[in-house]
Amino acid sequence: MATIDTTIDDLVDSFVAQFPPRSTDPITFLGAQFDAGLAWAHFPLGEGGLGATPAEHQRVLERMAQLRAPSADGRNVIGYGMVAPTLVAHGTAQQKQRFLRPLFTGEEIWCQLFSEPGAGSDFAALATRAELDGDEWIVTGQKVWTTLAHEAAFGLIVARTNPDVTKHQGLTAFLVDMHAPGVEVRPLYQATGEAEFNECFFHEVRIPDGQRLGGVGEGWPVSITTLMNERVSIGGTVPARGSGLIGEALKIFVARWSGRRDAHALAVRAELMQSWVRNEVARLTNWRASDLRKAGTPGPEGAVAKLAFAEENQRTSELCVDLMGAEGMLYGSDYPHVRPKEAAMRGGDMRKAFIRMRANSIEGGTSEVMRNIIGERVLGLPGEPRSDKDVAWKDVPRS
Ligand SMILES: Cc1cc2nc3c(=O)[nH]c(=O)nc-3n(C[C@H](O)[C@H](O)[C@H](O)COP(=O)(O)OP(=O)(O)OC[C@H]3O[C@@H](n4cnc5c(N)ncnc54)[C@H](O)[C@@H]3O)c2cc1C
């Protein structure tokens, strides 16, 4: 009997034989991949999927990577990992039909407009407001840290539509055209010297009611779908064994240290091995989680993956620059104020990666917040005191 992997492998192999990655333009390849249900194999038929399991989808990704197929994830990281599952869970048939395919091909890049200057970890406290005017919503407010907003055609925005109820109840989600009149995107430069993210101002921006995602006042459950998928998308990937940052560390060790037998070199080797084991444990844990994951929104175990991802990336990139010795300090940027086309969350020059990875414990939810989620939702510990839980948003004191 054929195993799941051979069935999925057969499907992918015959698809790739029809559209050889080397001779097929990436947009054509990805469009055909969507139509074949191999975009997100665990999504429903007609929505880029085959109604398969998340584990089968994982196998599609592995096989596509082995065959060097173009990836949809790289350029449209927010769209691919966060917006698409939210659209599938909460979108109308028309919205799915309109947005999913160009999102997957990368013809339309997406951004996530959740965080605000006064609402990050406590994102439900947000103040951007949306008011209904006929069959349009008028949105006014400020978002911040918006990754790739400068590249985005559309954004998933959450706004306050009712200030008279508690903070979680008064939210509504929308799909906003990032080129609509009144949208202003300004770069925010990171420690690397690049501006992957932005601050976004909404000056009475009109959004048709047909681009509301979910019901009025249902922005919180819609956002939870995005956030749960975000954690898995950032931290829950299953890279090839020994690849990524730990692969870089190994390469640097082999090039610079492997011939040495002195005490310092042995200590460095031991540190590298410990790091290798921790990375492998995280990889296998993610593998097991993706194997067990049911279709639908991932559970709180995504917080474990996100926390481990941030901690290991930071430790491993630090190890890389340590292994490079004095050269590790020579970060070659002259801070040219670049606005990159992709978010470099995982790799590149290790000196730059070392600086970039500092943000891993903030983006997609901080490590402190991940620990809170694990404490409360995985371990069942008592919850934090929440003084604003039963108070109308407009009555909650804020600065
Ligand atoms: C590189 C990068 C990319 C990002 N991209 C996006 C994006 O595309 N879209 C988007 O909407 N947002 C984005 N963000 C924003 C990110 O989600 C927020 O920065 C994050 O949620 C933290 O919010 P904050 O910055 O307001 O910090 P705050 O919430 O003000 O937190 C400040 C400190 O207090 C701690 N803290 C807060 N609450 C608690 C608590 N209850 N218990 C314990 N400690 C607590 C935090 O851990 C942190 O150390 C990005 C951030 C970064 C760094």
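This is a predicted model: local features need pLDDT of at least 70, side-chain atom pairs count only at pLDDT 80 or more; totals for chains, interfaces and linings use all residues.
In total, 14 aromatic pairs were counted. One of these is formed by W40 and F43, whose ring centres lie 4.9 Å apart with 15 degrees between the planes, and the pair is stacked. Both partners are buried: the relative accessible area is 2% for W40 and 6% for F43. In the pair formed by F99 and F154, the ring planes stand at 75 degrees and the centres are 5.0 Å apart, so the pair is classed as edge-to-face. This pair joins distant parts of the chain, since F99 belongs to helix α5 (residues 93–105) and F154 to strand β4 (residues 154–160), 55 residues apart. F99 has a relative accessibility of 4% and therefore counts as buried. F154 is likewise buried, at 9% relative accessible area.

W40 and F43 also belong to an aromatic cluster, together with F34, Y80 and F104. Elsewhere, a charged side chain is placed over a ring: R398 lies over the face of W393, 3.9 Å from the ring centre.

Q314 is located in helix α9, which spans residues 301–323. Its relative accessibility is 15%, and because buried means under 20%, Q314 counts as buried. When neighbours within four places in sequence are left aside, the contacts of Q314 are M357, R358, A359, N360 and S361. With R358, a polar atom of the Q314 side chain lies 3.1 Å from the backbone oxygen.

Terms used. Residues are numbered from 1 along each chain as its sequence is written. Side-chain values use heavy atoms; hydrogens and water are left out. Helices (H or I, at least four residues) and strands (E, at least two) are DSSP runs, numbered from the N terminus. Buried means under 20% relative accessible area, exposed over 50%, partly exposed in between (1.4 Å probe, protein chains only). A polar contact is a pair of N or O atoms within 3.5 Å; within protein, one must be able to donate a hydrogen and the other to accept it, and residues adjacent in sequence count only if both atoms are side-chain atoms. Contact means heavy atoms within 4.5 Å. Rings of Phe, Tyr and Trp (its six-membered ring) pair if their centres lie within 6.5 Å; planes under 30 degrees apart count as stacked, over 60 as edge-to-face and the rest as tilted. A charge sits over a ring if NZ of Lys or CZ of Arg is within 6 Å of the ring centre and within 35 degrees of the ring normal.
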